Amino acid sequence: MSKISLDKIPYIDELKTIHHPFDAKKMQKDFETLAQKEKMRNKIVDSLEDAVCLSGLKDGMTISFHHHFRNGDYIINLVVDKLAEMGFKNLVMSASSLTDCHEPLIKHIKNGVIRRIETSGLRGKLAEEISHGLMDVPVVFRSHGGRAYVIETGNLPIDMAFLGAPSCDAYGNANGYSRDNDTGISCGSMGYAKLDAQYAKKTIILTDNIVRYPNAPFGIPESDVDYIVKVDAVGDPVGIMSGATRFTKNPKELLIAEKAAQVIEYSGCFVDGFSMQMGSGGASLAVARFLREKMLQKNIRANFALGGITGQIVDLHEEGLIKKILDVQSFDLRAAQSLKDNRFHQQISASYYASPGNLGTAVNQLDIVVLSALEVDIDYNVNVLTGSDGIIRGAVGGHCDTSAGASVAIVVVPLTRGRIPCVVEKVNTVVTPGKTIDVIVTEKGIAVNPRRKNLLANLQKSGLPICTIEELKEKAEQTVGKPDQIEYTDKIVGVVTYRDGSVIDVIRQVNE
């Protein structure tokens, strides 16, 4: 066959991108790699150590993890223990969130295995140690949408993703549940893991449940997976439903939830086909109970519910009050089972959910979002990250993503917790800027952001106890007094970024 002269092809200048010089060495290497994988017949390797060696991890690289197993996660500790045993140093950890069960990471920070952390949240002993200056390099906190954005744009390159999966076939199709084998853990949606698998240079799936090919439907496709490691267990099923997904019986929280449901009713957005997201705290979860009654009374159905999904949202869906569910994280086992059984309950990626680089992102389609807070200030800024003592004890999550996207962002918060005011002059840490918050609901009154004049006019007709944010602050101080100022050192232990990557605040080391 004679060689074709490119000059003879019409419009060659427009088609030059199709021409790639022949690289025999590269092609031979590609064929050898394919032959090696074909000889393996699958992507399962004998051990985690083998997978790490094959993936080419080196000191200083970035490793990533997801948090869909919440406080029941076994994967992070398992992997970092192995990397320490193998002698790795100065690694950057990008975890979608970290919690109480990750306390063993403290020793690996001290021994130099982990040099830097990027995450959405920290809790427990690990958070306390970091708040007191454990790390030389500040932790970078990102929202779920903000993390997706920096990964997509290449500003947070992931060298190796270690992703736990409740089920996976021999070629890498992985999911948060299994249709072939009902034993073992189920975490539901793998929305945060999907993005890591897609963008990581190498992806390793760790699973305790190898199923027959193809493991469909799947949360992560085989095309995004390089190696698979069979482990004894990926997590503790009890740990999935813990902490933030508690069901409240607290009278104060129930009163706040009832008022928040009334705010929704009079917001102007409570019409047939509206969309919503409920937060994960006790009061914000309880809003769904009171909203249900109003939906039934007025024959109103929601078009979709978004975000971290709980059994309460599933109940509303099965009752016909919510048409579809978009699930980035299943907060409990009821939600995980619904994802498995219901075709109108879909798992979505963190990018689809909240990335500011995605013009079609789902948070921008929200009418109502109900969010919790540790504290709010008179400028409507919200803190969900640090406690009244300055210690890190929470997560950015999708807080600032959803408040920016929703038509009405409602924050539910008690006026006081114990002897601590929750409506203050200035929050310890700004996580969500006040310009994106519309309503603050407490048990003693409701404040509407002055920027939202139409919303204020609607709520003033409702008979609800509307007041200014300054009046809420005064009520809190009359009840418990003004809190003492927290003493900090000059050392910065955390950098809080907004969803676009800009720095919105810093967290300083608490003075001993």
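I'll start with one cysteine. Cys168 has 0% relative accessibility, so it counts as buried. Cys187 is buried too, with a relative accessible area of 1%. Keep in mind that this is a predicted model.

How many disulfides does a search of the whole structure find? The search finds 0. As a reminder, a disulfide is a covalent bond between the sulfur atoms of two cysteines.

Now the chain as a whole. The protein chain has 512 residues, and 56% of them count as buried. Its secondary structure comes to 17 helices and 27 strands. Take the contacts between residues at least 6 apart in sequence: 72% of these join residues at least 24 apart.

Next, the second largest pocket. The volume of this pocket is about 610 Å³, and 26 residues line it. Which of them lie nearest its centre? Those are Lys426, Val427, Asn428, Gln485 and Ile486.

As for where the lining comes from, four elements each supply at least two residues: β21 (420-421), β22 (423-424), α17 (469-480) and β27 (503-510). Of the elements, β27 gives the most to the lining, with 4 residues.

What is the make-up of that lining, in nonpolar, polar and charged residues? It divides into 10 nonpolar, 6 polar and 10 charged.

To finish, back to the cysteines: Cys168 is buried at 0% relative accessibility, Cys187 is buried at 1%, and the search for disulfides gives 0.

Definitions and conventions. Residues numbered from 1 in each chain as written. Predicted model: local features only at pLDDT ≥ 70, side-chain atom pairs only at ≥ 80, totals over all residues. Heavy atoms only, no water. Buried < 20%, exposed > 50% of the residue type's maximum accessible area, 1.4 Å probe, protein only. Contact = heavy atoms within 4.5 Å. Disulfide = S-S within 2.5 Å. 1 Å grid on protein atoms, 1.4 Å probe; cavity = no way out; pocket = protein on both sides within 12 Å on 5 of 7 lines; lining within 4 Å. Points joined across faces, edges and corners; volume = space filled by probe spheres on them. Nonpolar A, V, L, I, M, F, W, Y, C, P; charged D, E, K, R; others polar.
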